[in-house]
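Please keep the sequence and the 3D view at hand while reading.

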Amino acid sequence: MAIIQLSETLINQIAAGEVIERPANAAKELIENALDAGATRIEIATAGGGKALLRVSDNGSGMDAADLELAVRRHCTSKISETLEDIRTLGFRGEALPSIGSVARLSIASRRRDSAGGHEIAVAGGKIAHMRPAAANPGTIVEVRDLFFATPARLKFLKTEKAEAGAITEIVKRMAIAFPAVRFVLSGSDRTTLEFPATGDDHLARMAQVLGKEFRDNAIALDAVREEISLTGFAGVPTFNRGNSAHQYAFVNGRPVQDKLILSAIRGAYAETIPSGRHPVAVLSITLDPALVDVNVHPAKSDVRFRDPGLVRGLIVGAIREALARDGSRAATTGASDMLRSFRPGFQPNSQRPQTAWSAETSPSRPYQPTTGFGERPQASFDGLSMPTARAEPQFSPQPAEPEPNARYPLGAARAQIHANYIVAQTEDGLVIVDQHAAHERLVFEAMRKALHSKRLASQVLLIPEIIDIPEEDCDRLMQHAAELSELGLAIERFGPGAIAVRETPAMLGEVDAHGLIRQLADEIAEWDTASGLSAKLEYVAATMACHGSVRSGRRLRPEEMNALLREMEVTPGSGQCNHGRPTYIELKLSDIERLFGRS
């Protein structure tokens with residue numbers, strides 16, 4: 001067959017198959033153009049899930065007639081010149097507008113701030129209409145109607161109007177988080193109006209608008225730098241989790257991305273702290289030299305490639321784990337709300353009373369007097385136990401510092417043990433309920449984890465070394481990490497150009513499938529340039545051992561043992577959740593308790 005030159009319209013329609021897969025992709029491209037134009041107010045209107053109508057209006061710099069003429073032509077852009085190594089804008093390919101115009105009815109009206117009037121141009125199915133003057137405010141209005149009318153086969157692959165409208169909402173949320181100084185309004189006949197007022201430099205306030213006010217109370221700030229890469233953002237405490245990963249947002253140099261490496265790093269950072277099937281909430285912003293990241297790997301620009309992926313992954317995992325160790329042991333504030341919802345009182349609280357914070361001075365019930373101590377007669381046996389007189393410590397636990405006589409403890413003083421499993425402690429402004437088995441399980445695990453990383457692990461020597469045949473390049477990678485693996489109890493040697501001899505395996509793992517372990521490590525090193533899989537296996541074993549070696553449910557504890565457990569939790573990283581990710585305690589404020597009785 002003879003080779004022919006494709007028409008410009010067909011070229012644009014082929015490009016549209018990669019750039020514009022659904023209405024949400026078109027919305028993303030148009031919002032990015034508005035942000036690149038310096039807009040501080042962006043309004044998005046939709047109908048029919050974006051298939052019938054998608055309109056994006058902004059107050060950016062606008063375009064004159066000459067710019068409009070070029071804007072609808074392929075590969076015309078004002079955002080790059082001769083190189084792709086210094087991309088500092090969201091858009092740069094010059095494909096979005098001509099691609100949209102080739103499969104839909106597109107009209108663009110724009111006016112520069114210093115111009116007396118505006119202009120409008122239209123494209124329908126790839127055919128460009130003549131330019132004409134138009135009345136317009138400074139900025140740009142892009143209107144897309146009848147998306148994919150020129151390629152009807154694509155319409156069959158779209159989802160319902162509700163699903164497509166939801167996808168556009170998600171795009172707007174991601175853009176809103178990335179640019180808190182910009183006001184976003186999303187409206188239309190197919191949705192309830194959604195507005196995100198500008199919050200200036202207060203990124204957490206914008207995140208609270210998008211993720212809910214609970215995120216503000218359960219977020220831990222991130223701020224880390226490694227070499228030339230910086231990471232900022234917020235990570236939710238482990239007990240503040242969701243049923244899917246839709247609440248994980250990542251940005252690279254301000255660009256919203258859905259990168260597998262970043263999502264994998266988030267999962268790794270929360271390992272052993274999140275229950276199976278649950279997902280953490282996190283907002284990460286990575287800033288680095290544009291030359292160190294390739295944003296041109298896909299026309300949709302949602303994927304990126306880092307020059308040093310191992311460095312980026314290590315930065316994310318390290319920063320989140322450091323933050324969780326510093327402040328992640330607290331229980332999520334939603335735990336008390338879930339607890340309150342589980343109560344079903346036989347009366348309805350007076351909904352007319354204002355929901356105000358509890359205070360001893362204004363409470364209608366007997367005020368709590370923190371200066372009176374714990375002297376009530378039913379609690380006399382606990383009266384002298386605000387300080388532990390004995391400690392219930394794991395085998396490997398370090399001796400905690402002796403507390404100050406007048407120290408105030410976040411988890412309070414133990415008051416009772418109920419059903420031989422739950423410790424009830426009284427704090428200054430409420431009470432705490434602790435699952436004794438889950439809490440002690442975490443303490444034992446953290447002690448064992450510390451022991452894992454403080455010395456070379458014990459290994460078992462194989463009577464006959466196992467010889468494993470793998471590709472030569474995998475052998476090279478494994479031998480580069482031989483010293484690191486040896487510290488974990490796995491001793492390997494080179495056995496010819498394409499084989500590895502395993503002489504020792506970690507004693508903790510017991511009987512080991514050496515072939516499977518070596519191949520898994522080789523694959524992991526090839527992808528991430530790290531051999532963390534073996535460490536993860538060892539930590540999993542440690543978690544299992546901790547579960548069987550901790551204080552069991554049903555064991556009655558003395559008051560001093562309960563208090564010692566509380567004190568140990570207060571100084572142990574990650575004590576807010578057990579090894580399986582379940583919460584170890586729930587805090588209930590007095591204001592919440594009084595709300596149960598209709599007194600607030």
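## Helices α9 and α10

Helix α9 and helix α10 cross in a right-handed manner; a crossing has this hand if the near helix is turned clockwise from the far one by less than a right angle, and is left-handed if the turn is anticlockwise. Helix α9 covers residues 260-269 and helix α10 covers residues 309-327; they pack at an angle of about 35°, and their axes are 9 Å apart. Such axes are lines fitted to C-alpha atoms, for helices over the stretch in contact, and the angles run from 0 to 180 degrees between N-to-C directions.

From α9, the residues Leu261, Ile262, Ser264, Ala265, Ile266, Gly268 and Ala269 meet Pro309, Val312, Arg313, Ile316, Val317, Ile320, Arg321 and Leu324 of α10. The residues of this contact of α9 with α10 comprise 11 nonpolar, 2 polar and 2 charged. In this division Ala, Val, Leu, Ile, Met, Phe, Trp, Tyr, Cys and Pro count as nonpolar, Asp, Glu, Lys and Arg as charged, and the others, Gly among them, as polar.

## Basis of the model and overall make-up

The model is predicted: local features need pLDDT of at least 70 and side-chain atom pairs count only at pLDDT 80 or more, while totals for chains, interfaces and linings use all residues. Residues are numbered from 1 along each chain as its sequence is written, and side-chain values use heavy atoms, with hydrogens and water left out.

The protein chain contains 18 helices and 25 strands, which are DSSP runs numbered from the N terminus (helices H or I, at least four residues; strands E, at least two). Of the 600 residues in the protein chain, 48% are buried; buried means under 20% relative accessible area, exposed over 50%, and partly exposed in between (1.4 Å probe, protein chains only). Among contacts in the protein chain with a separation of 6 or more, 70% join residues 24 or more positions apart, where contact means heavy atoms within 4.5 Å. The chain exposes about 29700 Å², and carbon and sulfur atoms supply 52% of this area.

## Helix α2 and its two partners

Helix α2 (residues 23-36) packs against helix α6 (residues 161-178) at an angle of about 25°, with their axes 8 Å apart. The two helices α2 and α6 are therefore roughly parallel to each other; angles under 35 degrees count as roughly parallel, over 145 as roughly antiparallel, 65 to 115 as roughly perpendicular and the rest as oblique. Their crossing is right-handed. On the α2 side, Pro23, Ala24, Ala27, Lys28, Ile31, Glu32 and Leu35 meet Glu164, Ala167, Ile168, Ile171, Val172 and Met175 in α6. The contact of α2 with α6 has 10 nonpolar residues, no polar ones and 3 charged ones.

Helix α2 also meets α4: their axes come within 10 Å and cross at roughly 140°. The helices α2 and α4 are therefore oblique to each other, and the crossing is left-handed. Here Ala26, Glu29, Leu30 and Asn33 in α2 meet Ala96, Leu97 and Ile100 in α4. The residues of the contact of α2 with α4 divide into 5 nonpolar, 1 polar and 1 charged.

Gly94 is placed in the loop between α3 (65-71) and α4 (96-103). Gly94 is buried, with a relative accessible area of 17%. Leaving aside residues up to four places away in sequence, Gly94 touches Arg73, Arg74, His75, Cys76 and Thr77. The C-alpha atoms of Gly94 and Cys76 are 5.0 Å apart in space, while the two residues are 18 residues apart in sequence.

## Three further residues

Phe215 lies in helix α8 (residues 213-217) and is buried, with a relative accessible area of 0%. Not counting residues up to four places away in sequence, Phe215 touches Leu204, Met207, Phe234, Gly236, Phe240, Val281 and Val283. Phe215 and Val281 are 66 residues apart along the chain, and their C-alpha atoms are separated by 8.3 Å.

Phe148, in the loop between β7 (139-145) and α5 (152-155), has a positive phi near 70° although it is a residue other than glycine. Phe148 is buried, with a relative accessible area of 0%. Asn253, which is not a glycine, has a positive phi of about 55° and is found in the loop between β13 (248-252) and β14 (255-257). Asn253 is partly exposed, with a relative accessible area of 32%.

Note on methods:
Accessible areas come from the Shrake-Rupley method with a 1.4 Å probe; for residues, only the protein chains shown count as cover.
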